[in-house]
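Here is a short note for someone opening this structure for the first time. The points below can be read in order.

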Amino acid sequence: MVTRDNSIKSDGMDNNIPSQLKKKQTSVNFNKNNNNNNDSKQFNEKNISNTDSKKTIRKKKNSNYIGWKQMGHWEEKDTLTEEDFLLDLTKDTILDNIIPEALYGDWYHTLGIVVVAGIFSFGMGKLKWSLAPVFFIIVFSSLYYRTSSRKYRSNIRDLVQKEFTVQNIEDDYESMEWLNLFLDKYWPILEPSVSQMVVTQANDILATNPKIPAFVTNIWIDQFTLGIKPPRIESVKTFQNTESDVVVMDWTLSFTPHDLTDMTAKQIRNYVNQSVLLKVKLFNFLTIPVSFSNLSFHVTTRVRFKLMTPFPHMETVNIQLVDIPDIDFIAQVLGKTVFNWEVMAIPGLYPFIKIMMKKYLGPMLMAPFSLQLNIPSLISNTHLSMGVIELTVKNATDLHTGSGDLLQTSVDPYLKFELNGKDIGKTRTVRDSLNPVWNETSYILVNSLTDPLSISIVDKRVKLKDKKFGRIEINLNTLTTRPIQRNLKADFLRNSKHVGSLTFDLKYFPTLQAKKLPNGIIEELPDLNTGIAKIVVEEIQGMNTSLIDIDENSTEDKDEIKKKQKALLNETYSVHVFMNAKTVLKTDKVKNDINSTMTYGNEYEAVIPDRRKTSYRFVIKNSKDEIVCSTIQTLNDLIDRTEIDKKSIPLKDSNGGSLKISTYWRPVRLDFGSNSIAYTPPIGVIRVFIESASGLLNLETIGKIDPYTKVLVNGISRGRTDEVISSLNPVWNKSIYVAVTSPNQRVTLQVMDVETINKDRSVGKFDINLQELFEKDENDKYKSIVGQKPHVGRLITKKGAYGNLTYYTSFYPTIPVLTLEEVQDSKKIEKKKLELYQKKVEKKKLSDEEKQQMEEATLEIEEFEHILQKKEKLSLDDLMKYKSGVLAISVLDGTVSQNETYVQAFFDGNGHCRFVSPKINSTVIKDGWTGDVAIKELDYSTTTFRVTKNKNSNKAEDCLCEVTVPTSEIVKNCYYKPSILNLSGESSGKLLIQSQWFPLDTEELPQADLITNQGDLTVIAKNAENLISADTNGYSDPYLKFYINDDKDAAFKTHTEKKTLNPTWNESNTCQISNRVMDILHVKVMDWDATSGDDCIGWGKIRLSEVIPYETTSIDVPIKKDGQDGGIVHLDFEFKPRYVTTISKRETKVGDVAAKGLGSGIKAGTTVVGAGIGTVGKIGKGILGVTGLRKSKKKDKKKEKERDDESSD
């Protein structure tokens, strides 16, 4: 029976009438298949296969009717008018005007007429009357039954109207009528498009679903509509007694079809209910239609939201069914033909469906179980597990199996773990012990903490199957509030009886998600070495694109060659995946399609204890299980390939084939000691020389932005320039070196605006193409590539493309050297090789397990030698002979004097930290970190560690404590073993650090990046000759002013020599230079005037790149005035290189205060007049009025123009 909607108006029409009917109307593959894979012994890894590789392609059929208009055959003339709405659904019959009201219209009347008609018919038959009187009985009873039924339905409508009128007793349920009214109004408009989308996607899935048997040649949805009536939210209830970040609500949802009884044909065309017609074609000739219509359900769900501050503001959502849903529908085999058969009419089927729903939905959705959705993980579209559980089982005590097992002689127990009804791992077996000790740790991937973890104690038996004699259920939900739980003790139960105890530890490590802050900035994830990785074997392309050519001079039979070609085209291939030499995934064999593509879609997810050492071997096998080709890829390289969307891996010996692999990675701070922060050796460094930007988007309300550029590698910041104050066309001329571990990493340039109150804002970014920088020589080593041509990138913002950034790129490779850890691993591999050789020499019979172990050991040795075969082993002394390289520093441990601090690392003359620690919430550093930096000159380099409260503070700002040491000392003293650095200042701290040094394989770096490019410049103004006469006496009173680049303030000014054209000053001054190679020193010759302003009598300029460091350089500077010769100035220069820091303390910008609001910056009653006078006085050199200011500006512009003209000459 189908539940009908009894929501009726007083005039007999339905309340839920769409308003627009009252007037004239004007890919993804979801197929799933589990693969049989070998479990890893160290980690409980998850193997998920979401796509069967054997895709069945069926011919797609077009649907005939989609949407309520097509299904109801609605036309423009069927638009309901006012008269149609006023039409009474209850039409009078003849008996309505004769029979009294009390004699019909109730349920017992309809039942009574059936009984009476039956008695009369039986009596006539008993009296042996003819059939003719029975006809009159049938006519009268039919008319009475129809009249009574109509009256009954009319009474129900009146009762519903009465229910709407009477006020309900107060309750704590909230009404959602506003949403229901919205859906009522717009659902008829949206429904055709929604139905079309559903049909299109469903038919695509049905055409390619491999689960459908082969004898089903076609299956498609021929007719589909969701009806004109939308789902309805009956009520919502919010629970009050919850935590502040938790919201629990009960939602009651219903979906009820229209009651079409007593409606006219025109009304029925406007009130269309849900209907689906599915057609199945069997054996290519028999088509069977199956109809589903008038779906109705009523369900109450309990939803729990766990909130968080960053986007998407919901951490988890738990969905639970309060009770079994009430679901009803009409299902008719053979459709709506006269031969149809309603499935739901089978006696007992509906109760059976409810029992099955409780059986299968209960463990997932009914109390106490719930479906938990991790919202950040779903949004990321990686479908990775939400976290890792570290389970350490210590020991069991007082085990007893009971006296029922007569064959029991000893107990060999082991533990088996289950989650969601699936076996996820087990421990080793302890022989003959009732108090076994394991001390084993397993890592379990979890998608939800609502399902309990089952631990079973099992007895290992040789000739009989293993016997389970106890079980523990662990509530994982407690890990959300207490992620670390030690020395837990639980009892094994069998038949609710105690059979032993287990001692264990539990730890929960959630995956780290990138958090989007309210201002739109996405916080960077830590670059950890431990986490969760999932690889997806997507497809193989081009394996058979290069067929066997027929050689006219070949002696081989052409028919044989054609057979080989045909066999090659019909060949099937499978992919075998090995992770660290262990088989983890096998796909099915797939045949080429028309485009020479084989699609798989198999997935494998695992806990990664060390990303650096994780590698995958992909082996392609044909139908005969022969290896066609293979490739070895490190996990780091697979991640980088996915970052830049370069997922296809070329396959050697495959006739131009490629394997497409997608890789997903999420860092997890697992408790693996220093493995989580271990450093991956780089292949080289990329030098990004950032020249300038133009036309930047101005984000300030008042004034201009203060832009700087930072370089990101795979989304993690690796370096930045200094900011340029108040400019939309900044010039930086700054080089930034970033280390890269593969040629497939994504390098991004992003222009930022400094914010002194909030976090810095993005002005635009773009990814740079680096493929032209990576070339190898004949020895398969990377070559140095120095980019000479400028690149211009268009900055992409949320508002579109705004501004250009000009930059240069170069690549300098590192010398491949073995790290200390790799040296130790090499020794272990040599030991394994010796053991493997001895086993082969012994030639004794091996079990299948031992053979597999030997194969895995052989593969492990091959992969290790493949990765490290090109690396050199150098001692520390040999390494330190190279003065340029990449320095990696790992902070393993330490203490600070205050909590909620950061540790920054500065190098050489950089005013901004190269890398910074995560936030240290206590005085003890528990979680370490690793950073790297390119050192250009090891002998001159310095390293500074600072503890600060602000992670973005620069070197000029205050800190809690710091230490500065020569970088060479860090390499020398922290290479073989960690050393402690003591920080001092306002407070104190200690850092335990270890270093690694990877030398660059290059002879020389650009001069602009060396220490000789910055330092102290001493200018000695000796004398001048033949200067221009500026006074009436034929002489001048000359003095010199020196400017660096475009600075408005003079860096140095000499004294004045009176009445001479050949002055001698012999005066010197020292100034700080930050970019000697690019800087220009301007010389301005001035004539002193006692009565009016001093006059300029000439300009000159010197490129400081001509100044030789550590020596005295004499330069004669020609002076020009209006393009004419203005004499010569003789200068001497001395340059002493040192690292120079050009940054200063950040001050609050006017634009930041304006953006935040003036009310927050100026308190009530504050006097600001003095501030205004001071500001005017500073600008105008005194309160001289507007005229004075304009004159000053005019004069300054004139001088600037003269200076520019002279400089251009």
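In which loop is glutamate 1004 found?

1. Glutamate 1004 lies in the loop between β45 (989-999) and β46 (1015-1025); strands are DSSP runs of E with at least two residues, and helices are runs of H or I with at least four, numbered from the N terminus. The model is predicted: local features need pLDDT of at least 70, side-chain atom pairs count only at pLDDT 80 or more, and totals for chains, interfaces and linings use all residues. Residues are numbered from 1 along each chain as its sequence is written, and side-chain values use heavy atoms, with hydrogens and water left out.

2. Glutamate 1004 counts as exposed because its relative accessibility is 53% (exposed is over 50%, buried under 20%, partly exposed in between, with a 1.4 Å probe and protein chains only).

3. Helix α10 (residues 635-643) is largely enclosed by the rest of the structure, because 8 of its 9 residues are buried. These are Leu635, Asn636, Asp637, Leu638, Ile639, Asp640, Arg641 and Thr642.

4. The buried residues of α10 pack against several strands, including β19 (531-541), β23 and β27 (658-667); contact means heavy atoms within 4.5 Å. Just after α10, aspartate 645 has a positive phi of about 60 degrees.

5. Strand β23 (residues 597-608) includes threonine 597. Threonine 597 counts as buried because its relative accessibility is 12%. Leaving aside residues up to four places away in sequence, threonine 597 touches Glu539, Ile540, Gln541, Lys591 and Asn592.
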